[in-house]
Amino acid sequence: MMPADDFLTLAVMISFAVVGVSQIMAMIRLVIGPSTGDRILALDTMVVNAIGLIVLLGIWQGTRLYFEVSLIIAMLGFVSTVAYARFVLRGDIIE
Amino acid sequence: MTMSEVGTYAAAIFLLIGAAFAVVGAIGLLKLNDPMKRLHAPTKVGTMGIGSLLLGSVVISFVRGGSSIHELLIMAFLFVTAPISANFISKVIIHLRGCDETPELDNEQTWSTLVQREEDLVAQDKTQQS
């Protein structure tokens, strides 16, 4: 059994790779997605995965500076998803 | 094995579980063939994956002596907003008529929707005529 710190480093590296791959998959769906709903969904997924990448970066560097960054990205991602959806539904965001 | 070692192992396992959930959501987003089916994969599984990653972050901050549970705030926010954004995206799909036709079923089963089938209409005509 490997030491705990080495195991954590390995887990963070694997998680970086895997979440990055899922980010690339969402990007492919964003490019090829046949309908507008798919593109909005792919953007929402990319925002959520970006939060995961930032959290992993905070663990990797051993700092807690990135907490506010991920919180603000979570809020802006939700607002932008709702804004896109409302633009498609109503043709206008703020009436 | 000390407590900090146990916490480090737990955080690493949380991170691996979260990354696995995230990639399953992305695979579903890429692989499924219907807009409404694609909606299911990332909105639920991806949110669970990010929740697990944030839990790992909380555990590792306790191990390193910071003991911050701020990440639970992000988790609560994501868990509240993910169904709302999924509802909006499904409204967009319905608005753009991406799900007008019901998916194909095998074994000659039918969906219990309000869509009128041709054979039902023919049977209705026969009963009305007789």
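Reader: How many residues does α2(B) have, and how far does it reach from its first C-alpha to its last?
Author: This is a predicted model. In it, α2(B) has 29 residues and reaches 43 Å from first C-alpha to last. That is close to the 42 Å expected at 1.5 Å a residue.

Reader: What comes just after α2(B)?
Author: B:Gly65 does, and it takes a positive phi of about 95 degrees.

Reader: New topic. How many residues of chain B are in contact with chain A?
Author: 48 residues of chain B are in contact with 48 residues of chain A.

Reader: And what area is buried between chain B and chain A?
Author: About 4200 Å². Carbon and sulfur atoms give 82% of that.

Reader: Which three residues of chain B supply more of its buried area than any other three?
Author: B:Tyr9, B:Leu29 and B:Leu30. They supply 14% of the area that chain B buries against chain A.

Reader: How many salt bridges does the rule find across the interface?
Author: It finds 1 salt bridge between chain B and chain A. The side chains of A:Asp38 and B:Arg38 meet in a salt bridge, at 2.8 Å from N to O.

Reader: Which helices of chain B supply at least two residues of the side that touches chain A?
Author: α1 (3-31), α2 (35-63) and α3 (71-95) each do. α1(B) gives the most, with 16 residues.

Reader: How do the residues of that side divide into nonpolar, polar and charged?
Author: The side of chain B that touches chain A has 32 nonpolar, 10 polar and 6 charged residues.

Reader: Let's pick one residue. Where does B:Thr8 lie?
Author: In helix α1 of chain B.

Reader: Why does B:Thr8 count as buried?
Author: Because its relative accessibility is 4%, and buried means under 20%.

Reader: What is B:Thr8 in contact with, leaving aside neighbours within four places in sequence?
Author: Residues from both chains: A:Ala4, A:Asp5, A:Leu8, B:Ile60 and B:Val63.

Reader: Now B:Gly28. Buried or exposed?
Author: B:Gly28 is buried, with a relative accessible area of 13%. B:Gly28 also lies in helix α1 of chain B.

Reader: Which residues does B:Gly28 contact, apart from neighbours within four places in sequence?
Author: B:Arg38 and B:Ala41. B:Arg38 is the residue in the salt bridge with A:Asp38.

Reader: What separates the C-alpha atoms of B:Gly28 and B:Leu39?
Author: 8.9 Å, and the two are 11 residues apart along the chain.

Conventions. Residues are numbered from 1 along each chain as its sequence is written. Chains are lettered from A and ligands numbered from 1 in the order in which they are written. This is a predicted model: local features need pLDDT of at least 70, side-chain atom pairs count only at pLDDT 80 or more; totals for chains, interfaces and linings use all residues. Side-chain values use heavy atoms; hydrogens and water are left out. Contact means heavy atoms within 4.5 Å. Buried area is the accessible area (1.4 Å probe) that two parts lose on being put together, summed over both. A salt bridge is a side-chain nitrogen of Lys or Arg within 4 Å of a carboxyl oxygen of Asp or Glu. Helices (H or I, at least four residues) and strands (E, at least two) are DSSP runs, numbered from the N terminus. Ala, Val, Leu, Ile, Met, Phe, Trp, Tyr, Cys and Pro count as nonpolar, Asp, Glu, Lys and Arg as charged, and the others, Gly among them, as polar. Buried means under 20% relative accessible area, exposed over 50%, partly exposed in between (1.4 Å probe, protein chains only). The expected span of a helix is 1.5 Å times one less than its number of residues.
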